[in-house]
Amino acid sequence: MFKRVALFIATNLAVIVLLGIVLSILQGVFGISLGNNGGLLVMALVFGFGGSFISLMMSKWVAKRGTGAQVIEQPRNEAEQWLVSTVRRQAEAAGIAMPEVAIYDAPEINAFATGPSRNNSLVAVSTGLLRAMSRDEAEAVLAHEVSHVANGDMVTMALIQGVLNTFVIVLSRVVGRVIDGYLSGNRDGGVGIGYFATVFVLDMIFGLFASMIAMWFSRQREFRADAGGARLAGRDKMVGALQRLSRTYGENTLPRQVQAFGISGAVGAGMRRLFMS
């Protein structure tokens with residue numbers, strides 16, 4: 001936990017230093033007037049990392065509320081007992097605290113893991129998965145989700161999203177000031193309509209490119225979780241689970257907040273591939 005707090009602080013400091021250098025070069029070398037850099041940096045960090053960090057802290061609550069997932073406090077049947085014992089065995093092998101285990105009602109084969117840290121997490125599976133998958137296949141899916149927790153993917157994604165959010169906020173406003181200054185002939189007296197129009201458009205454009213970067217990293221962490229699942233459950237079980245999923249592409253009914261942590265059956269082509277998680 002302390003290593004992750006240190007990583008979070010170090011990432012914030014790195015963003016501050018890099019943005020400060022960029023803004024100093026723009027003003028000192030190119031003579032571009034950008035106003036109050038300190039205020040811009042503080043605002044960008046607060047909004048960029050603040051929303052990402054709050055989402056991380058609330059992730060378990062949002063996931064439970066959004067999916068209606070029921071945490072297994074005391075197993076009521078053999079299937080629930082198997083779920084809890086399997087996750088416990090895998091968590092011990094991965095060196096993490098026992099996650100909460102939950103089931104949510106959904107027709108498709110799906111599962112997800114979320115939570116603010118390796119030792120405070122939730123692993124949930126759909127009723128569709130329990131009905132459609134064999135125990136070996138389900139064990140591999142659980143191992144995949146436990147690997148997400150062990151890899152710290154939730155924290156890492158929050159850090160990456162925070163960095164991307166911060167750069168989007170700063171860059172759109174820097175370009176907005178440049179364009180507004182050009183349109184107004186660099187006259188003093190505050191910003192004009194050109195600034196607000198530019199910022200509005202660039203927030204969306206830069207945000208789109210930021211989403212591509214976040215989704216690229218999301219795909220890489222899925223491959224790492226597959227490898228981790230193979231180590232925890234066995235290679236043959238993981239291959240069997242992936243082959244089963246490839247034959248059962250379906251609708252993803254997970255709420256937007258946790259869709260990137262679930263199983264996606266979407267197949268993209270061209271530009272769509274850049275936004276696949």
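The following legends describe an overview and close-up views of a predicted model.

**View 1. The chain as a whole and the order of its elements.** The chain contains nine helices and four strands, and from the N terminus on these elements run α-α-α-β-α-β-β-β-α-α-α-α-α. Of the 277 residues of the chain, 45% count as buried, while the chain exposes about 14,400 Å², of which carbon and sulfur atoms supply 62%. Among the contacts in the chain with a separation of 6 or more, 68% are made by residues 24 or more positions apart.

**View 2. Strand 3 and its pairing with strand 4.** Strand 3, which spans residues 111-117, is mostly covered, with seven of its seven residues buried. Strand 3 runs antiparallel to strand 4 (residues 120-126), and five bridges join the two.

**View 3. The crossing of helix 4 and helix 6.** The axes of helix 4 (residues 78-94) and helix 6 (residues 135-150) come within 10 Å and cross at roughly 45°, which means that helix 4 is oblique to helix 6. The crossing in which helix 4 passes helix 6 is right-handed.

**View 4. Residues that meet between helix 4 and helix 6.** On the side of helix 4, the residues in contact with helix 6 are Glu78, Ala79, Trp82, Leu83, Thr86, Val87, Arg89, Gln90, Ala91 and Ala94. Their partners in helix 6 are Arg135, Ala138, Glu139, Leu142, Ala143, Val146 and Ala150.

Technical notes:
Residues numbered from 1 in each chain as written. Predicted model: local features only at pLDDT ≥ 70, side-chain atom pairs only at ≥ 80, totals over all residues. Heavy atoms only, no water. Buried < 20%, exposed > 50% of the residue type's maximum accessible area, 1.4 Å probe, protein only. Contact = heavy atoms within 4.5 Å. Areas by Shrake-Rupley, 256 points an atom, 1.4 Å probe, with all protein chains shown as cover. Pairing = 2+ DSSP bridges. Axes fitted to C-alpha atoms, helices over the stretch in contact; angles between N-to-C directions. Parallel < 35°, antiparallel > 145°, perpendicular 65-115°, else oblique. Left-handed = near helix turned anticlockwise from the far one by under 90°.
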